Amino acid sequence: MIQSQANVPSLGAKPAKRMLLAGVVGIILPVSLLAWALLMVTLFPESAQCGEYTGCLGYLVAAWVAGRWVAIAVAWPLLFLLRVRPAWPVAILAALFLMAIWRLADALWAVDIDATLTLILLSGVIAYPFAALVATPRLPRPWRALPVVLFGALYLLATLLPGFPD
C-alpha cells in the first residue's frame, strides 16, 4: 500500500516557525534589558547613575554596555526553551549578526540618534531570525550564504563610514 506524505511537514513551514520563535527571543532580550534599567531606576533613584540633567540615563547605558553581552549568553537557554534547534549555532550566528548591527548603530550615533536607538532595540528581532534561517538543516547553500554575506557587508560598511568612533 502506498502511504501519503500529507502529514509530513514541509521544509518551508519549519524554517518559518524557527525564525518566528527566534524573533521572539530577539524581542525578549532587549525588553528584559529595558525592564532591568527601569527596575534599577525605581529601586535606586538617588544612585550615582542618575544625574541632575540626564535623569537616570546611566542605568540605560549600563544595561547597554554590559547587558548586551549578558543577553547574548542568555540567548542559548531561551532558544533551547522555545525549541529552536539547533540552539547553539543560532545563538553563535546571532551574536555575529548582532555585532554587525551594533557596529552600524555606533556609526550612526552622531548622525541620527533616533534611528540608532531603534536599530539597537530591534537588533535582536533582525539577527535571531536570520541566524535561525542560516542554521536550518537541509537548507540550500545560497540561502545560508546570503544572510552571512549581507551581515558581513553591513559590518564592513559600518566600519568604513566616516565618523565611526575608534
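Me: Which handedness does the crossing of α4 and α5 have?
Reply: Right-handed, in this predicted model.

Me: At what angle do they pack, and how far apart are the axes?
Reply: The angle between α4 and α5 is about 150°. Their axes are 8 Å apart.

Me: So how are α4 and α5 oriented to each other, and why?
Reply: Roughly antiparallel. Angles over 145 degrees count as that, so α4 and α5 qualify.

Me: Which residues make that contact?
Reply: From α4, they include Val-90, Leu-93, Phe-97, Ile-101 and Leu-108. From α5, they include Thr-116, Leu-119, Ile-120, Tyr-128 and Val-134.

Me: Next pair. What about α3 and α4, what angle and distance?
Reply: Helix α3 covers residues 67-81 and helix α4 covers residues 87-108. They pack at about 150°, with axes 9 Å apart. α3 and α4 are therefore roughly antiparallel.

Me: Which hand is the crossing there?
Reply: α3 passes α4 in a right-handed crossing.

Me: Who meets whom between α3 and α4?
Reply: On the α3 side: Arg-68, Trp-69, Ile-72, Trp-76, Leu-79 and Phe-80. Among their partners in α4 are Trp-88, Met-99 and Trp-102.

Me: Now the loop between α3 and α4. Where is the cis peptide bond?
Reply: It joins Arg-85 and Pro-86, with omega about -5°. Pro-86 lies in that loop, between α3 and α4.

Me: And Arg-83, what is its phi?
Reply: Near 65°. That is a positive value in a residue other than glycine. Arg-83 also sits in the loop between α3 and α4.

Me: Back a step. How do the axes of α2 and α3 cross?
Reply: They come within 3 Å and cross at roughly 45°. α2 and α3 are therefore oblique to each other.

Me: Which residues touch there?
Reply: Ala-62, Ala-63, Trp-64 and Val-65 of α2. From α3, Gly-67, Arg-68 and Trp-69.

Me: Switching to the surface. Which residues form the nonpolar patch?
Reply: Among them are Ile-27, Val-31, Leu-57, Val-65, Leu-121 and Phe-130. The patch has about 930 Å² of accessible area together.

Me: Which elements give two or more residues to it?
Reply: α1 (13-43), α2 (57-65) and α5 (113-134).

Me: Which one gives the most?
Reply: α5, with 5 residues.

Me: And where is Val-31?
Reply: In helix α1.

Terms used:
Residues numbered from 1 in each chain as written. Predicted model: local features only at pLDDT ≥ 70, side-chain atom pairs only at ≥ 80, totals over all residues. Heavy atoms only, no water. Patch = residues over 30% accessible without salt bridge, like charges linked within 9 Å, V, L, I, M, F, W, Y side chains within 5 Å. Areas by Shrake-Rupley, 256 points an atom, 1.4 Å probe, with all protein chains shown as cover. Salt bridge = Lys/Arg side-chain N within 4 Å of Asp/Glu carboxyl O. Helix = DSSP H or I, 4+ residues; strand = E, 2+ residues; numbered from the N terminus. Axes fitted to C-alpha atoms, helices over the stretch in contact; angles between N-to-C directions. Parallel < 35°, antiparallel > 145°, perpendicular 65-115°, else oblique. Left-handed = near helix turned anticlockwise from the far one by under 90°. Contact = heavy atoms within 4.5 Å.
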